[in-house]
Amino acid sequence: MTPLAYYIVFSALLFSVGLAGALTRRNAILVLIGIELMLNAANLNFIAFWRYNPNGTEMAGLMFVIFSIAIAAAEAAVGLAIIIAIYRHYRTTQVEAVERLKG
Amino acid sequence: MPSNGPSLITFFVFAAITLVSAIGAMSLRNMVHCGLSLAMSFAGLAALYLQLNAEFVGFAQILVYVGAVAILIVFTILLTKNADVHLPRASRGWLSGLAIAFAVCAAIAVPILKSPSLNRLAPAAPSHSVQRIGEQLMTTYVLPLEAIALLLTAALLGGVVIAMRDDPVDKLKPKADLQPQRRRGAEAAMESTSQRLGG
Amino acid sequence: MQALDQIFVTLKQWILALSFWPDVIKPILSALISIVPIMVVFGSCFAVTTIMERKGLGRFQNRYGPNRVGPFGLLQPIADAIKMLTKEDIVPFSADKVLHFLAPIVLCVPVWLTFSVLPFGRNMSAIDLDAGLLFFFALGASSELAVFMAGWSSRNKYAMVGAMRAIAQMISYEIPLVLSTVTVVMIVGTLSLNDIVLAQTGFTFGFIPNWHVLTPWGFAAFLFFMIAATAETNRAPFDLPEAESEIIAGYLTEYSGFKYALFFLGEYLGLFAITGLAVTLFLGGWSAPLPFLNFIPSWLWFFAKFGTLIAIFIWIRATVPRLRMDQLMKFCWKFLVPLTLINLFTTAAWHFAGTWQFSGAPIVRWLICAAIVAAAYVGMGRGLTLNRYPKRIYRYAE
């Protein structure tokens with residue numbers, strides 16, 4: 001019997017792993033992987049709170065996660081398309097290479 | 001009222017698998033290994049959802065994330081020729097990035113562990129079924145459903161347009177530009193041979 | 001006959017009720033009793049199918065199949081098994097060893113899992129999940145990752161090209177596959193495979209079964225499902241990714257011995273699982289076609305229909321030439337996807353026309369839906385090939 005706190009702490013850990021990756025890695029695809037991990041951590045949070053709800057007929061947490069999964073898939077698709085388009089022009093996927101509008 | 005909640009051992013097993021593969025996804029040297037490690041963390045999360053009695057979401061997670069998003073990420077790694085490149089460890093500010101992530105984790109985890117209301121055990125499993133999810137989607141949540149439909153259509157079209165090649169424009173350039181180079185090359189070759197022969 | 005029908009269920013309950021099992025291992029024992037027969041039955045189905053396919057293909061091609069090993073070559077699977085098990089397991093020097101080892105396992109495990117939701121007879125599915133159909137498709141989608149792992153870890157150009165083609169094909173054909181099953185879900189109203197079979201057990205007019213394949217939308221959906229299933233399992237005519245004459249063995253090039261046998265097994269088991277799903281969704285699962293045939297046990301009906309569909313798959317393999325990659329993709333995106341979407345519309349029309357109250361309404365709605373399906377098929381077929389093929393010019397030797 002796991003208390004709710006364990007799920008939330010685990011979700012926070014997963015979120016911070018994704019955040020660390022998104023902030024430190026140079027490759028755009030790895031940043032996107034970090035973002036996907038953060039989204040998944042938030043989804044886990046929602047499902048945990050839905051499950052531990054004393055009211056047994058409430059469905060909001062579950063529905064939110066279904067929409068969140070759909071949105072994350074769409075966002076991954078568009079993000080990766082942008083990365084491919086950038087690769088065609090700059091021949092690299094390093095985030096530091098895309099700096100033409102700097103300054 | 002504590003009842004059939006998720007058991008502790010299975011939670012720790014799945015959580016360990018997910019966390020280790022998530023850390024691997026963010027820190028492995030080979031990018032394809034990163035992508036596949038990410039797929040494993042998605043699968044671990046799906047197992048956690050199944051443990052929490054959210055079966056529809058668990059299977060949808062496998063179908064969408066493992067079956068589509070992970071494959072998309074791996075394909076992009078291959079298409080951008082990142083497959084056999086050994087990545088350097090991290091960018092210059094990696095220490096501050098880790099520090100920020102650690103701070104965020106502490107800021108969320110410490111209040112949770114200290115709060116008494118979050119230390120409760122699971123109530124009885126909620127009585128839901130796929131029919132109820134469908135009903136709710138069509139009655140209470142029909143507006144987000146239509147918005148998602150619009151969003152997915154836009155994402156589909158946008159993804160195709162952004163990743164499409166620009167080649168049709170290049171094909172219209174006249175091929176006459178190539179001729180002078182070839183002639184120049186031929187002339188240069190003739191000159192060099194005449195030099196060698198004629199002295 | 002009820003006893004023969006439920007013989008396996010009563011056997012399981014009898015074994016579980018034996019007094020000398022401690023209570024702790026009862027759940028595990030129950031799961032084992034459900035799982036082991038499935039593995040044994042479908043494992044032997046795999047062996048039988050390999051020999052039947054080779055002999056069937058041989059006969060289609062006007063030759064005997066294998067006929068050396070046993071009487072009429074029927075012990076050939078044993079020879080094949082011994083060969084696979086004793087072959088040297090070669091791993092390329094520059095291959096990614098971990099992924100190369102894991103790929104066959106990642107392929108086989110989800111495929112074995114998909115057998116747990118199929119109803120093989122009355123009360124005879126291993127698990128009755130509320131979202132059983134979604135479970136099936138989720139596991140089907142995870143096997144694509146194994147194909148990629150196999151192709152990439154071999155560090156072989158042909159393997160990589162084969163893997164990319166295979167994944168592109170599998171992802172593309174998932175859409176007609178899922179959309180054609182959505183029509184069944186729409187009409188029945190549930191994702192549980194047991195309930196879908198139960199909804200097909202009645203008889204209209206006393207002798208026509210309520211199978212979904214006998215409705216216009218169901219017939220179209222069954223055809224699309226079979227075509228998409230052929231493509232999903234990389235079977236001819238969609239077997240470009242692993243065709244021997246094209247790309248050696250595609251993503252399987254660098255595998256030998258037991259790992260190759262595991263890939264082979266995974267592919268055939270995937271075929272069995274999808275065929276079992278087709279039988280469940282469209283052909284009425286374990287229900288008998290005519291009411292007086294109910295004395296034959298339900299599991300016999302399931303396996304009879306299953307065997308017929310496998311024979312049809314073998315027949316198609318022997319008859320139809322292979323599709324090229326671009327032909328494959330065009331066929332999926334330009335023909336199958338619009339047709340499955342129009343089929344969804346037809347199914348909705350069928351459902352709402354079911355509320356009509358005038359006399360002769362069932363015949364009218366059958367005709368309307370059949371007309372929509374036929375018009376869509378003919379229209380798309382003609383429209384897509386309108387100016388593609390020039391008129392044939394026959395030249396004779398004068």
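Modeller: Two residues are in contact if their C-beta atoms, placed from the backbone, lie within 7 Å. This is a predicted model: local features need pLDDT of at least 70, side-chain atom pairs count only at pLDDT 80 or more, and totals for chains, interfaces and linings use all residues. Residues are numbered from 1 along each chain as its sequence is written, while chains are lettered from A and ligands numbered from 1 in the order in which they are written.

Colleague: How far apart are the nearest C-alpha atoms of chain A and chain C?

Modeller: Chain A and chain C do not touch. Two pairs of chains do, with the most contacts between chains A and B. For chain A and chain C, the nearest C-alpha atoms are apart by 14 Å.

Colleague: Which element gives the most to the side of chain C that touches chain B?

Modeller: Here 18 residues of chain C are in contact with 17 residues of chain B. Helix 6 (132-153) and helix 7 (157-188) of chain C each give two or more residues to that side; helices are DSSP runs (H or I, at least four residues), numbered from the N terminus. With 11 residues, the most comes from helix 6 of chain C.

Colleague: Helix 5 and helix 11 of chain C: roughly parallel or roughly antiparallel?

Modeller: Their axes, lines fitted to C-alpha atoms over the stretch in contact, are 9 Å apart. The angle, taken between N-to-C directions on a scale from 0 to 180 degrees, is about 25°. Angles under 35 degrees count as roughly parallel, over 145 as roughly antiparallel. So helix 5 of chain C and helix 11 of chain C are roughly parallel.

Terms used: Angles under 35 degrees count as roughly parallel, over 145 as roughly antiparallel, 65 to 115 as roughly perpendicular and the rest as oblique.
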